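Please read the report below alongside the sequence and the model. It starts with a single residue and its surroundings and then moves out to the strands, the loops and the chain as a whole.

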Amino acid sequence: VSAAGTMGAAGVTAALQRLADGSLFVPKPVQRQLGLRTQPVRIAELAATVELNGQVIPDPETSGRVQAMFAGSVIPGPKGMPTAGRKVVKGEVLAYLRPISGAFERGNQKASLAELEAQLAIAEGKMKRFEQLEGAVPQKEIEAARIEHTALQQRRAYVRASLDSSEQLVAPATGIVSASHHLLAGQVVDAKEVLFEIVDPTRLAVEALAYDVGIAKTLISASALADQTALELKFVGGGQQLREQALPLLFRITNPNAAVAVGQPVKVIVRINKGVKGATVPRAALTKVGAGETAVWVHTEAERFVARRVRHQSLDAANVAILEGLHDGDRVVTIGAGLLSQVR
């Protein structure tokens, strides 16, 4: 923002001026044109916070993953090949997986089938002879022949199925297909390969890593910041085994239809039951001045603004606590602070 630019845009005769002491002279008409808003601050006891690195993950209770149980080729399901974003319901057939085998293995299966056919023919003839001699042959031998015949029929059915049948790939949860890994009809996949991931977009979670293992016991509340999106979190629980020297904590996102995606990194702000003394201001009040130092603009007089370098810590996704640099009753710029910092 420059004085000439402001005058041209607003048609205001008075211009912004940076004074010798570094403060800004901003006429009232220009303040209105820039949409500046201020609020007084109060120094008080606030809950201490800890910032953790986290990531958006599917809610383990409402998500699922479809993997190949064996090496095979993928065949489209009744509704075609699932694509990302398609809604599915639990138990719906997404696709079929047809097993693949080499010529040698397939030859062995056919040989086993032929052998079973011969054994079945012998067992069937034996069973029929025993049935014709019923009364002369002990009943237990007749029953044994029938059981053997039935068992061989089942074995033959299993071997036939292994040659030509396909395994159904069903949705393990209700939601949308969040990833289909670019599968095409007829594509050959390996055993345990992930084929589809099902996510309920209304039920997402955040996993954060805490390097202080005692945080879970002192936690009061939590929120998160994903880019410019504030997320309200509900603490679900924490693991009891370290991962990369940190303890994983699980939070559920309570915002309805939060604009985040699985895998998105977030900054988790955890309130703990320890107190700090400071002033609460919106996160938008923070700005950078000088050599990248963090500051807030204080409205000291009717048309004068002064940049105060501050030390702060996150309070929640929307607010920060100013620990040093402000006094009780200071009026801080909460909207438009970035515009003031651009004045040269």
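The model is a predicted one. Thr229 belongs to strand β15. Leaving aside neighbours within four places in sequence, Thr229 is in contact with Ala224 and Ala259. Ala318 is 89 residues away from Thr229 in sequence, and the C-alpha atoms of the two are 9.2 Å apart in space.

Strand β15 covers residues 229–238. β15 pairs with β14 in the antiparallel sense, over five bridges. Within this pair, Leu225 stands opposite Ala230 of β15. The hairpin formed by β14 and β15 has two residues between the strands, and Asp227 in this hairpin takes a positive phi near 55°.

Strand β14 (residues 219–226) also pairs with strand β17 (residues 265–282), again in the antiparallel sense, and here there are six bridges. Ala224, one of the contacts of Thr229, has Val268 in β17 as its bridge partner. In a regular strand the side chains alternate between the two faces of the sheet.

## Strand β13 and its two partners

Strand β13 spans residues 204–210, and five of its seven residues are buried, so β13 is largely enclosed by the rest of the structure. Strand β4 (residues 43–58) is joined to β13 by six bridges, and the two run antiparallel.

## An open four-stranded sheet

In which order do the four strands of the open sheet lie? The order is β5-β12-β10-β7, and the pairing is antiparallel. The edge strands are β5 (64–67) and β7 (87–88), each of which pairs on one side only.

Strands β10 (residues 175–179) and β12 (residues 194–199) are paired in the antiparallel sense over three bridges. Ile176 stands opposite Val199 of β12.

## Positive phi in two loops

Most residues other than glycine have a negative phi, and most peptide bonds are trans. Lys192 has a positive phi, near 75°, and is not a glycine. Lys192 is found in the loop between β11 (188–189) and β12. Is Lys192 buried or exposed? Lys192 is exposed, as its relative accessible area is 68%, and the cut-off for this class is over 50%.

Gln245, likewise not a glycine, has a positive phi of about 65°. Gln245 sits in the loop between β15 and β16. With a relative accessible area of 61%, Gln245 is exposed.

## His149 in helix α4

His149 lies in helix α4, which covers residues 139–164. His149 is buried, because its relative accessible area is 9% and the limit for buried is under 20%. Not counting residues up to four places away in sequence, His149 touches Leu120, Ala123, Glu124 and Met127.

## The chain as a whole

The protein chain contains six helices and 23 strands. Its radius of gyration is 35 Å, well over the 20 Å that the globule rule gives for 344 residues, so the chain is more spread out than a compact globule. The C-alpha trace spans about 120 × 45 × 30 Å along its principal axes.

Of the 344 residues in the protein chain, 37% are buried. Among contacts with a separation of 6 or more, 73% are between residues 24 or more positions apart. The chain exposes about 18900 Å², and carbon and sulfur atoms supply 52% of this area. There are 39 positive and 33 negative side chains in the protein chain, and the centres of the two sets lie 6 Å apart.

Terms used:
Residues numbered from 1 in each chain as written. Predicted model: local features only at pLDDT ≥ 70, side-chain atom pairs only at ≥ 80, totals over all residues. Heavy atoms only, no water. Pairing = 2+ DSSP bridges. Rg over C-alpha atoms; globule rule 2.2 N^0.38 Å. Buried < 20%, exposed > 50% of the residue type's maximum accessible area, 1.4 Å probe, protein only. Contact = heavy atoms within 4.5 Å. Areas by Shrake-Rupley, 256 points an atom, 1.4 Å probe, with all protein chains shown as cover. Lys, Arg positive; Asp, Glu negative; His and termini not counted. Charge placed at Lys NZ, Arg CZ, Asp CG, Glu CD.
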